[in-house]
Amino acid sequence: MGKKDSSTKKLMQNNEIFADAFNLLVYNGKKVINPDDLQPLDTTSLVIPFKGKDSKAVQKYRDVLKKLVIKRTPEVAYVVLGIENQSDIHMAMPVRNMLYDAIQYANQVEELAKQNKHKGEVDFLSGLEYENKLMPVVTLTVYFGAKPWSGPKSLKEMLNIPDKSLAKFIQDYKIYLVCPQLPDKKLDKLSSNLREVMKVIKYSQKKSDLNRLFTTNRRYKSIDTDAAIVIKDMTNMEVKIDTKKEKTNMCKAWEDLKVELLAKGEKKGEKKEQAKSIKENLRKAKALVKAGIAKEIVAKIMGVNIALL
């Protein structure tokens with residue numbers, strides 16, 4: 001697993017961040033999903049879609065998977081929520097997410113069939129009772145790239161459908177996307193540090209915009225270190241982060257970086273002037289040799305390596 005994948009996965013495993021992303025998607029930022037109602041699930045999916053002689057198991061690893069406990073109804077209900085992190089554009093994301101969700105449903109069917117194994121009246125083929133219901137599965141793609149998402153957002157966008165009459169019978173599968181390119185008014189509805197991460201990535205191509213963010217937004221004075229690490233990894237910003245601390249002052253880190261870059265620039269300028277001076281000194285030394293003065297004498301007076309004359 002790459003550095004970017006590791007840092008984004010760790011960030012989105014946080015219940016507060018996870019709930020915030022889904023609240024933005026489903027409830028337009030309203031705090032409906034409570035982080036305390038989220039339970040982690042095994043992200044390894046292993047299923048045999050069609051059991052038979054030549055059946056092969058399909059194994060996939062999801063980024064983050066949680067079960068949401070819904071207590072707003074007379075009976076407790078459950079929903080499976082998954083997040084797939086993308087640092088780059090994936091041109092087959094609809095197929096990928098569709099497969100993940102299908103495997104999750106297949107696992108539920110298999111588990112219910114096991115529970116019904118010793119019951120009398122069950123469907124012979126599936127092992128299910130009519131009353132058996134599956135938990136809904138919703139997958140959200142969180143894109144951390146600075147370039148706008150240019151990949152397909154639905155299965156039908158990936159298909160070549162020559163017959164319009166046939167098109168309405170082809171099942172579609174859409175992906176849901178949270179990304180830095182959302183309007184600022186939309187991103188501002190995020191309440192966690194996911195908002196700060198998305199905005200820095202969004203404006204990372206212009207130093208003036210970054211400077212405005214870090215100098216005018218007080219929230220950057222204290223953000224979760226996990227969020228700061230994602231910012232650093234996704235923007236290649238050479239800020240210094242103390243991973244032992246829970247919070248990071250990104251405003252100070254930004255100012256420290258500017259001072260460091262300025263010092264490097266000044267040092268580079270000094271070296272450039274020094275090289276220019278050496279070059280000019282060598283030119284004068286060669287002119288003296290050309291005028292008939294011995295190389296040994298010129299080298300000693302001008303402080304030049306005699307091999308260069």
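Helices here are DSSP runs of H or I with at least four residues, numbered from the N terminus. With that in hand, welcome to this predicted model. The protein chain holds ten helices and nine strands. Of its 309 residues, 37% count as buried. Among contacts between residues at least 6 apart in sequence, 57% join residues at least 24 apart.

**Helix 2 from end to end**

- Helix 2 covers residues 15-27, and at 1.5 Å a residue its 13 residues should span 18 Å.
- The C-alpha atoms at the ends of helix 2 lie 17 Å apart, which agrees with that expectation.
- A run of residues in helix 2 is buried, namely Ile17, Phe18, Ala19, Asp20, Ala21, Phe22, Asn23 and Leu24.

**Where helix 1 meets helix 2**

- Helix 1 is made of residues 3-13, and its axis comes within 5 Å of the axis of helix 2, crossing at roughly 85 degrees.
- Angles of 65 to 115 degrees count as roughly perpendicular, so helix 1 is roughly perpendicular to helix 2.
- Helix 1 brings Leu11, Met12 and Gln13 to the contact, while helix 2 brings Asn15, Ile17, Phe18 and Ala21.
- By type, the residues of this contact are five nonpolar, two polar and no charged.
- Ile17, Phe18 and Ala21 of helix 2 take part in the contact, and these residues are also buried.

- As background, most residues other than glycine have a negative phi.
- Asn28 has a positive phi, near 55 degrees, and is a residue other than glycine.
- You will find Asn28 in the loop between helix 2 and strand 1, which covers residues 38-40.
- Asn28 has a relative accessible area of 37%, so it is partly exposed.
- Asn236 is likewise not a glycine, and its phi is positive at about 60 degrees.
- Look for Asn236 in the loop between helix 8, residues 225-235, and strand 9, residues 247-248.
- Asn236 has a relative accessible area of 61% and is therefore exposed, the cut-off for exposed being over 50%.

How values were computed
Residues numbered from 1 in each chain as written. Predicted model: local features only at pLDDT ≥ 70, side-chain atom pairs only at ≥ 80, totals over all residues. Heavy atoms only, no water. Helix = DSSP H or I, 4+ residues; strand = E, 2+ residues; numbered from the N terminus. Expected span 1.5 Å × (residues − 1). Buried < 20%, exposed > 50% of the residue type's maximum accessible area, 1.4 Å probe, protein only. Axes fitted to C-alpha atoms, helices over the stretch in contact; angles between N-to-C directions. Parallel < 35°, antiparallel > 145°, perpendicular 65-115°, else oblique. Contact = heavy atoms within 4.5 Å. Nonpolar A, V, L, I, M, F, W, Y, C, P; charged D, E, K, R; others polar.
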